[in-house]
Amino acid sequence: MNPIDRQDALELLDELVRGTSSGRGGVVLVTGATATGKSTLLDACRRRGQELGAVALAATASPAEQNLPLGVLSQLLHAAAVAVDERAPIASPRVVAASTVAGPRSGTVPAAQVDLPSIEVICAALLRLSAAQPLVISIDDIEHADAESRWALLFMARRTHFARIVLVLSHTDPSGYAEGGTAAELARQSHCHTVHLEPLSKQGVRTLAWDLVGHEAGQRLHLPWFRLSGGNPLLVAALAEDYRERLRAIEDDRSVAVHVAGARYGRAVLACLHRGGERVVQVARGLAVLGGEDGLDDLLGLPSDQLARGLHAIAATGLTAGGIFRAEAARSAVLGDMSADELTAMHSAAAEITHRRGMPTGVVAEHLVQAGRNMPTWGIAVLEDASARALYEGRADRAIAYLRQARSGCTDERRRSEITIKLVRAEWCLNPAVPADRLAELTEAAQRGIMTGGHAVALVRALLWHGRSEQARDVLDTILRSEAERSCTAQELTVLRDWMRCTHPLDVHPRLHELPAGRDNGVHSSVAALRRLDAAKLLSEVLTAGGQSDLTARADQILRGCRPDDTSFDAVVWTLHALTYGDCLAQAQEWCEAVSAAVEAQRAPSWSARLAGIRGEIAVRQGDMPSAERHARTALALVPPAGWGVAIGKPLSTLILACDAMGRHETAAEQLGLPVPEAMFETRFGLQYLRARGRHSLATGNPALALRDFRLCGELMGKWRMDTPAFLPWRADAAEAYLRMGRPEEARPLAEAQLARCGPMSPRAEGRALRLLAATREPYQRPVLLHRATDLSQAGGDRYEMAAALNDLAGAYRALGEYRRAATIARRARVVMPEFDGASPATSATLSAQEAAPPDVAGNAATLSEAERRVAVLAALGYSNREIAEKLWITVSTVEQHLTRAYRKLDVTRRSDLPADLKALA
C-alpha cells in the first residue's frame, strides 16, 4: 500500500539519501499514534533508499524481546550479513551474544552497566560499511527496544551527521514519554528531523478506499469509513476486507452500499489497542464497560495522568470520539476480548459506581444485568424502575431483561410475584405466547393471597386470554373475597367487569355486578386508570346497546393525547373497537393510522399485531377486501396463532371473510382448517369466527350449514346481551341463507327484524337489510328498496355492500325489461368495486334465468359468431365503434357491420339494449 498524505516524509528521505553522496547523513524520527501508518512509511523509506542505491537494513523492536540485550542491533547485523559479503569487517551475531549483560533490562540502563566497547565495535563496523555504500537503517517501534540497542542507536545518531547513514526510527505517541528518553534525546540532535503522522483526512481515506475497493465503491463508502475509523489506515483496510466479505456473501451485488464493521474490523481494533500496551488495553476495557469516561477513574483506580495518557492514546488511534467508541463493533470487540469473570467483576463494580454517582437507572440496570447474580440489595428497585422507563420509551426487550434479572435476584416471595406479573406484561408486548408458562406460578401465588391488587386483576385477564377460564374464576373469587374493598382494586375490578361483559360474558363473577358503575368507585389512581375505565365502559355500551350519537366525541376524548404504553394501550384498543363496532369507520381508520405510527416507534410487535387486526376489521366493513386480507396476514405474522389465545378468532375471521368475498374460497378454507382454542367459542371472538365460518359455507354452496352457524351466533348474542346489528348482523346472514335455499318467505321476517333493530348509527346494517328484504319482494317492488339500500351502503362507507346492492338493482331492472337502465347500473357496480366477486342473493337465488336477461337475448346470444360476439361484448361495456376497431385491429366499417348483425340476432335496436353480461350468455 502506498503511503497516503505522506509525501513530505518521502521527499525528506530523498533529500537525505542524496546528501550521502557528499558524506552527510541524518536522522528521521517518525512519531504518531498506534496504527497511523508509521510502519508503512518505514517500509516505503526502505524501498526508496534501495531505489536510490543505498543498502537498506531494517529491524523491529518488540515488548517480547525487550529483555534481550542488543536484540534490535542483532536484527540489523543479520540484515547486513545478507546485504553485503559475509567477509566484510563487521561484527557477527556471535560478537553481539558475547557482549550481553546478565539480568533483566528495562528502561534506561546506566552507562556503567552497558558493554560500551562492544557497542562501539558494532557501530564502527556499520560506519565502515557506509563508507563503501550509503546505508538506510529503519527501526520500527524503538520504544520497545532493549536498553543496549537504544544506547547503540543514540551512539549512531550522534555520528550520522558526518556519515553516509540515514537512520529512520518510528516511535508511538511521543507525548507520553519521560523526559530524557530515547525519543527526546534523538529530537535534540540538530540533524534529526521529526515527522509526526496524523490520522488520514477524509481525502486520504477516500484515496485509500479507491486503492482498496475501486473508485465507485470507494467514493460511496469513504465517508462512513472515515466516521468508523477516525482516519486510522489499519481500520480502513479492515473495513475494506469486511466489505469484500460482505460482497461475497450477497453474491457480488456491488449496487448494495454496505459498510458493515465486521470481524476483521474487530480484530484490527484489538490489534491497535494491544500495540499500545497493557495500560491502554485496561483503559479501553473500562471505557467499553462504562460506555463513556464518566466514572472511569473510580472503576480503574488509575492516577489521573495515567488515565489521561491512556484515553489520549485510544483517541489518537481513531477508535473513540468524545470519549465513546466510534462504532459499537469496536466496543463489542473490546468486551469480547475479556474473560467472563473479568467482565462480570467489572460490570459489578460499574453498577456500584454508577449507582453511587446517581446516574440514570437505565445505565445502572445495564451493568446489573451484565453482572449476573452478583447483585446488591438495592439492585431490585433500580431494575424495576428501569424496566418501567424502558417500556415507556418503547424498549420492551430491555424491560424484559431488567425484570428477569430482578426476578432472579429476589428472595421475597410477594415481591417476586409482583415482578413476575410485570415481566409477563412486558413480554406480552413482544408475544403473548411467551409468558404463558409463568401463569401457573402466578395463579398459585394469587390463590394463596401473595399477589394482590391490580397485579392479580391483570393475571385474570392474562388467564382469560389464554383460555384458562377456570383458573381465572378462581383467582377472581380470591380477589373478591379479600381485595374488593380496596379503592385501587375496586377500580381495576370495575374495568375488568365492563371488559368481560363484552368479551368473556360467561366468566363475569356475580359479585362484579355489585361494584359501582363508571367513575363512582372512589378516587382513581391515575389518568391511565380513568382512560381504561372509560374505554371499557364505552366498548361495553356499543356492543350491548349499539352506537350512540356521542360515540365519536367520547372516543376522541379518550384517545386524544393518549400515548400508547403498557398502562394505556388496552384503552386505545377498546376505544378503536367501540368506533369500529359502532360503525364510525372513518374515525376508526383515522385514529388507527395515527396510533399505528406511534406504536411503530414503541417496537412492540404484539401491539402492532392487535392494531393490524383492528385495521383488518375496518377494511372488511368498508368493503376493501384486499386491504383486509393484508392487515389480517400482518397481524398473524407479527404474533403467531398460539400467541393470540382466544382472540385468534378476530384476525382469522377477517381473513376468511376477505378471501371468500374475493372468490378465493380455498384460501379461506385453509384458515378454517387451523386449530382454535375451545374456550374461544365462549368469547366475543368466537362469535366473529362462527359468522366467518357461516359466510364461507354460504359462499361455497352450503346454505343449510351456514344457517346453523348463524342461528348459533344469534342464540349466543341474545344470551350474552350483545345483539346489535352493527357488530354482527346474524339475522341478515340467516335471511341470506334462506334466500340461497329458495325460501324467501322465511327470509323476509328475519330481514324485517334486522331492519327494525337498525338505527341512525348503523347505515351499513340497514342498507344490507333493505337489500335482502328487496330480494323477498316482487320485481316491481325491488327498485325502491334497492335504491335506498345503495344510498345507505354508500353513507356507511361499505363498497362491497354498495356493489352488491347495485348488482341486485341491475338484476331487478332486467327482470322488469329495462335493459338500458340495468346495463348502466351494472357498469356503475363495476366502477364501485371492480374486484367484486360475491354472488348477491337477489341475482343468485330469487331471480330466475328469465329474470336475469330477456328471453330473446338469452336464447339468441349463442347464435352470434365469434367476431360478432367480441364486438357486441365491447359495445355492451360502453366502448365506441372507433375504440372497438382499435382494440380488435379492424376497421370502423367492419365494427358497424358486426353490430348490425348482432342487433338483428339479439332482437335489440340499439347499443344500450345490449345486456351487460352478454359474455356469459354467449
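The structure is a predicted model. Its chain contains 48 helices and seven strands. Of its 922 residues, 55% count as buried. Among contacts between residues at least 6 apart in sequence, 69% join residues at least 24 apart.

**Helices α29 and α30**

- Helix α29 spans residues 605-621 and helix α30 spans residues 625-638; the two pack at an angle of about 160°, and their axes lie 8 Å apart.
- Because angles over 145 degrees count as roughly antiparallel, α29 and α30 are therefore roughly antiparallel to each other.
- The crossing of these two helices, α29 and α30, is left-handed.
- On the α29 side, the contact is made by Pro-605, Ser-608, Ala-609, Ala-612, Gly-613, Arg-615, Gly-616, Ala-619 and Val-620.
- On the α30 side, Met-625, Ser-627, Ala-628, His-631, Thr-634, Ala-635 and Leu-638 make the contact.
- By class, the residues of the contact between α29 and α30 comprise nine nonpolar, six polar and one charged.

**Helices α46 and α47**

- The axes of helix α46 (residues 881-888) and helix α47 (residues 892-906) come within 8 Å and cross at roughly 105°.
- Helix α46 contributes Asn-881, Arg-882, Ile-884 and Ala-885 to the contact, while α47 contributes Val-892, Val-895, Glu-896 and Leu-899.
- The contact of α46 with α47 has five nonpolar residues, one polar residue and two charged residues.

**Helix α6**

- Helix α6 covers residues 147-159, which makes 13 residues in the helix.
- From its first C-alpha to its last, α6 reaches 19 Å, close to the 18 Å expected at 1.5 Å a residue.
- This helix, α6, is mostly covered, with 10 of its 13 residues buried.
- The buried residues of α6 are Ala-147, Glu-148, Ser-149, Arg-150, Ala-152, Leu-153, Leu-154, Phe-155, Met-156 and Ala-157.

**Trp-591**

- Trp-591 lies in helix α28, which runs over residues 585-602.
- Leaving aside residues up to four places away in sequence, Trp-591 touches Asp-556, Leu-559, Arg-560, Leu-576 and Leu-579.
- One of these partners, Leu-559, is 32 residues from Trp-591 in sequence and 8.0 Å from Trp-591 in space, C-alpha to C-alpha.

Technical notes
Residues numbered from 1 in each chain as written. Predicted model: local features only at pLDDT ≥ 70, side-chain atom pairs only at ≥ 80, totals over all residues. Heavy atoms only, no water. Axes fitted to C-alpha atoms, helices over the stretch in contact; angles between N-to-C directions. Helix = DSSP H or I, 4+ residues; strand = E, 2+ residues; numbered from the N terminus. Parallel < 35°, antiparallel > 145°, perpendicular 65-115°, else oblique. Left-handed = near helix turned anticlockwise from the far one by under 90°. Contact = heavy atoms within 4.5 Å. Nonpolar A, V, L, I, M, F, W, Y, C, P; charged D, E, K, R; others polar. Expected span 1.5 Å × (residues − 1). Buried < 20%, exposed > 50% of the residue type's maximum accessible area, 1.4 Å probe, protein only.
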